[in-house]
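Try each task before reading its solution.

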Amino acid sequence: MRLEDAYGFISKHLPYQDGGAFYGSAAGLSLGAGLLYSNVRQPAFNPGRNLYSTVKSHVYVVTHECDADQRNDRAFIDSVLVCPIIPYQSFIGDCATHPNLPGFLAEIATRRVYRLLYIPPIDPLEFGGVLYLNRITNVHVSAFSEAGTLCLGAVAGIGLREVDAALANLLLREKAQPLTGMRGQQ
Amino acid sequence: MLQLISADLDRLQDIQVYLSRPIVFCEALELNVPQPMELVGNAFTILERPILDLAFPTAPRALTGAERQMLDRAFWSSVTVIHEGEEG
C-alpha cells in the first residue's frame, strides 16, 4: 500500500471529519499538555540489548502545564511525561508487510487498538503520526530547551478531547480482572 | 435572563435528541453555568465545530506478535539514538 493511499485510508475512518480542526495555535502557551515537540531527549528501552538507550523523537506532552511550570514554587516539577510520536511515514514503512494493513489501519482509526492513536498531519509530520501510548515516558524539563528541540504546535479543543479520551481509556478503564474488595469479590 | 436560558436550553435539548450527542452539551453546560449568556453562545459555537464521538469499542483489538514487532521496528526507525545504554 502506498503511503498516500494509507493516509487516505486512515483519514477516511477517523471519528472526526476535519483533521485541520485537530490543531490550534501554540502562541503564548507554556510547556504543558497538548503541545507537540520535535527532537526531545528521552529514555527508551531496547529489548534487544536489555538496556535503556537515550533517543530523540517527536513527542506529545502529557503533563499538565501547572505541574511543569518552573515559576511555580513547588517540588517535583522537573520531570514531564511525554508520549513518543511515530511519524505515519515510518509507521507505514515498517508495517508494509502486514497481511491486512487496511484492516489494521481501520482498527487503529476506530480506536480498537487502545495503545495507539493516530493524529493528523502537522508540520513536519506530513502524513500525521501515531502516538505510542504504552511508550509514555518521563523526561527532564531541560530537554525542551535543548538546541534543536522545536515546538511544533498544539492541539485544539477537538484534538485535546481525542487524546484525553485515549489516555483515560488507556489508564482509567475498569480492570478486567477484579481485585479484592471490588464488586462481586469477597 | 432566566427565560432566555430556559428557552435556549429547550432548543438545545431538541438538537441534542436530533444529534444523539449528549456529551457535547454536558460539556457546554458544565463549563458555562455561571455565565448564562456565554452558555448560550458557547453551546452554539460547539455545535458549529466538528462533533467528536468519544466512545471506545468495548472489545479492544489485541496485537499479534508480528504486529508488536512491526510496532517496535517502527518506533526504533522513527527515533534518533544519541546514546546506547551501557552495562553498569
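Contact here means heavy atoms within 4.5 Å. This is a predicted model, in which local features need pLDDT of at least 70, side-chain atom pairs count only at pLDDT 80 or more, and totals for chains, interfaces and linings use all residues. Residues are numbered from 1 along each chain as its sequence is written, chains are lettered from A and ligands numbered from 1 in the order in which they are written, and side-chain values use heavy atoms, with hydrogens and water left out.

**Exercise 1. Chain B in outline**

Describe the secondary structure of chain B and the sequence range of its contacts.

Solution. Start with the elements: helices (H or I, at least four residues) and strands (E, at least two) are DSSP runs, numbered from the N terminus. Chain B has 4 helices and 1 strand, in the order α-α-α-α-β from the N terminus on. Next, take the contacts in chain B between residues at least 6 apart in sequence: 56% of them join residues at least 24 apart. Finally, look at burial, where buried means under 20% relative accessible area, exposed over 50%, and partly exposed in between (1.4 Å probe, protein chains only). Of the 88 residues of chain B, 30% count as buried.

**Exercise 2. Helix α3 of chain A**

Find the buried residues of helix α3 of chain A, then say what they pack against.

Solution. Step one is to go through residues 101-109 of chain A: the buried ones are A:Leu101, A:Phe104, A:Leu105, A:Ala106, A:Ile108 and A:Ala109. An α-helix has 3.6 residues a turn, so residues three or four places apart point the same way. Step two is to list the neighbours. Within chain A, the buried residues of α3(A) pack against α1 (3-13), α2 (88-94) and β5 (116-119), and from chain B α4 (65-78) joins them. Step three is to check the two ends. At the start of α3(A), a side-chain oxygen of A:Asn100 comes within 3.1 Å of the backbone nitrogen of A:Gly103. Just after the helix, A:Arg111 has a positive phi of about 70°.

**Exercise 3. Strand β5 of chain A**

Work out which residues cover each face of β5(A), and find the strand that pairs with it.

Solution. In a regular strand the side chains alternate between the two faces of the sheet. In β5(A), A:Leu116 and A:Tyr118 lie on one side, A:Leu117 and A:Ile119 lie on the other, and all four are buried. For the partner, recall that two strands pair if DSSP finds at least two bridges between them. β5(A) pairs with β6 (residues 129-132) of chain A in the antiparallel sense over 4 bridges, and A:Leu117 has A:Leu131 as its bridge partner.

**Exercise 4. Where the chains meet**

Describe the interface between chain B and chain A, from its area to its strand pairing.

Solution. Begin with the totals. Chain B gives 34 residues to the contact and chain A gives 44. The buried area (accessible area, 1.4 Å probe, that two parts lose on being put together, summed over both) is about 3600 Å², with 63% from carbon and sulfur atoms.

Then count the salt bridges, each a side-chain nitrogen of Lys or Arg within 4 Å of a carboxyl oxygen of Asp or Glu. There are 3 between chain B and chain A. In one of these, the side chains of B:Glu84 and A:Arg49 meet at 3.2 Å, N to O.

In β1(B), B:Thr80 is the bridge partner of A:Lys56.

**Exercise 5. A salt-bridge network**

Which residues of chain A are linked in a network of salt bridges with A:Arg2?

Solution. Side chains of opposite charge can pair when their charged atoms come close. A:Arg2 meets A:Glu4 in a salt bridge of 3.5 Å, N to O, and A:Asp5 in another of 3.1 Å, N to O. A:Arg2, A:Glu4 and A:Asp5 are therefore linked in a network, with each link following the salt-bridge definition. To finish, check accessibility: A:Arg2 counts as exposed at 52% relative accessibility, while A:Glu4 is partly exposed at 43% and A:Asp5 is partly exposed at 38%. Over all chains, a search of the whole structure finds 11 salt bridges.

How values were computed. Polar contact = N/O pair within 3.5 Å; in protein donor to acceptor, adjacent residues only side chain to side chain.
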